[in-house]
Each structure stands twice: as C-alpha cells, then as structure tokens.
Amino acid sequence: MVSFSSEDLAQHAGISTDVLQELAERLPTGVGQLFTAHSFRKRRGGLREIIKPKAALDYVTKNLHRSFSTVLEYSAPTHVHGFVQGRSTLTNASAHLNKKCVLRVDLEDFFPSISSLRLKTLLQQQGYDEKAAALAASVVTIAGKLPIGLSTSPFLSNLAFQDTDRILAEYADAEGLSFTRYVDDLTFSGDVHDRHLSDIERILDSSGWSVNAQKTAFMRRGGRQYVTGLYVGTADRPRIPRATKRRMRATFHIIKKLGYDTYMTEFGGERDDMLPHRLRGWACYIAAVEPDLGFAMLRAFNDLLPDHYVSISDYVSMVDWIEFDERSGM
C-alpha cells in the first residue's frame, strides 16, 4: 500500500498544492466558471444531471484519473463490464444467453449516492493520508456527491462498489447464478426466484445502496429478455432489438431515396440529433453485435452520408455571426 500526501496528489494533478486547494474550495459554487450542468429527464421520471467540466477542472480530473488508475489497488472483477477496457454491453449481455430467467436490478442514483465522505474513507484505506484523501474527495465531487461527467467518476464508482461486488459475486456463485454488473445495472440469470431478489436487495441495503424498484424485472425464457439493451434469448450470441433494426433500416431507406438533408429537415433527423457521426456510430454498434447486418449498413451510410452537416439552427447562428463580424469590421 502506497503512502500518499497532498503534495503527491497535487503533483499527480499537474498543479501546485495551493492551486489544487483553491480549486476544491471553488467547486461548490463553480457552476459556470469551472463546469456547466445539464439536466435531462429520465424516461421513468426524475432528472439526471450531467456536468461538463471546463478546461481547468477537466485538466486536473483527467490527470487524477490517470493517477487513481495507477496508484490505487483496484482490478475489475470478471463480472464487472462497465468502464473496463475490453469489456462492453456486449460482453455483459453474453454472460446471460438462453437462461431460464433473467433478473435485472437497477441501482437508484448510483453516482450521486457515492458521497465525498465514502470516497475519503476509501482513499485513506488505500494509503492516502487524511489531508490528501479529503482534498482528493473534494476535487472529484460536487456538492458532496460523485457527479456524472468527470473523468474520475467511472473509476471511482467501481472502486466504491468493489466490496459489494465481492459479496454479490459470492452470493451468486453459492446460488448457482450468473452475475454481471454494468455501471448501475445488475443482472442475475439462471433459476432465479423472488427469494433471490429479496436476498440481493438486503445485501445492497446493508451496503448503503438503494434499488430502483421501477426498473427491477424478472424476464423469463420465451419472453422479452434484454440485458444492457441486447436480446439474450438465443444461445449463440446477443442480438440487436428488432425495434432498433427497423428504425435504422427505415432511416437508411429515407436517406437513400430522398437524401440526407430531407431526412434531417422533414423526417425528424434534426429533432433526434442524428448527425452523420451519430448514425455511423449506431452502425458500428450494430456491427459489433451483428456483423453481417452492421457492416453492410456502415458501408452504405459511408456512401450516403456527408462528412459534415450544418443544421438549419446552426446555419442561422453562423449567418448571425458573419453579419456581426462584417458590421464590426472583424
């Protein structure tokens, strides 16, 4: 275990200790100066806040992410697939193919439920002295909570959950169940019953985590079995949901027949923010899961999509700026 001081922390952050301390003190009221905050409505109610760090905070947290990954003793268990290199929603879903029953358990407000106090304790357990642990925890949290959007949050969320990961993995193994976790999405499969859900909820509650009951679901063989967005009712591999395939095929058909600009302005492309890079990204994702379908779609999109696209609203903004520049003589 490494001994880590606030001076070590500042060196790893790439700034002086005084500047790092000042940054920590400014963060609670730093919206607009150090970061911007955006709220999005969840499909099942409530809001999710995502922050976007500005240059100074982004620089520090990216450096600290590299430091945490190097200094802290953490290796993702085999059942953890979120924020782990080489693992994905596909590898996560692949562990639950053709099972009698799949149980999905979702954690409530996963990131914000990780407090600065919990992180401080974890860092002290890893060898940070008290001052360094407190300073680090204050830099990587906002309003005392781990935010969505900082470079440090994914790694720290896995670190914070590691003890619960171990307990749940041991429980699943003892019960003969397959278990994976993708961020806040826990999946158990096999001969799963109500008793297992009660036991899992009790483990989570005793570890300080809350279950989102609205997203808890038993998915039985022959029905809609989806894990991290992929259908797992087949034995060979996960599949892209049919609705997603239909939507992408319809989008391709419109673009092929009428052109990309028409799709964007008259068929909801702008409303859904379906810019070229996003459509290509969807095609790449499909190719990763179902190569025959996805690669053909990606080749077709590469032929049909422009390299860039300026929406009507962006065009109006650009015209306004051009007129402003001409008026001001810039």
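Contact here means heavy atoms within 4.5 Å. With that in hand, let us walk through this predicted model. Residues are numbered from 1 along each chain as its sequence is written, and side-chain values use heavy atoms, with hydrogens and water left out. Because the model is predicted, local features need pLDDT of at least 70 and side-chain atom pairs count only at pLDDT 80 or more, while totals for chains, interfaces and linings use all residues.

**Confidence**

The predictor's confidence in each residue is its pLDDT, from 0 to 100. The protein chain averages 90, and 92% of the residues score at least 70. Residues 312–330 have a pLDDT below 50, and this stretch has six contacts in the model beyond near neighbours in sequence. Where pLDDT is low, the predicted coordinates should not be read in detail.

**Lys245**

Helices (H or I, at least four residues) and strands (E, at least two) are DSSP runs, numbered from the N terminus. Lys245 sits in helix α9, residues 242–258. Its relative accessible area is 15%, so Lys245 is buried; buried means under 20%, exposed over 50%, and partly exposed in between, using a 1.4 Å probe and protein chains only. Leaving aside neighbours within four places in sequence, Lys245 is in contact with Ile240, Glu290 and Leu293.

**Helix α7 and the cores**

Helix α7 covers residues 153–175, and its end C-alpha atoms are 32 Å apart, which agrees with the 33 Å that its 23 residues should span at 1.5 Å a residue; the expected span is 1.5 Å times one less than the number of residues. After α7 comes Gly176, with a positive phi near 70 degrees.

A nonpolar core is a set of buried Ala, Val, Leu, Ile, Met, Phe, Trp, Tyr and Cys residues joined through side-chain atoms within 4.5 Å. The largest has 61 residues, and those touching the most other members include Leu20, Phe68 and Leu168. The most to this core comes from α7, with eight residues. Apart from it lies another core of 24 residues, among them Ala93 and Leu298.

Most residues other than glycine have a negative phi. Here are two residues to look at in the structure.
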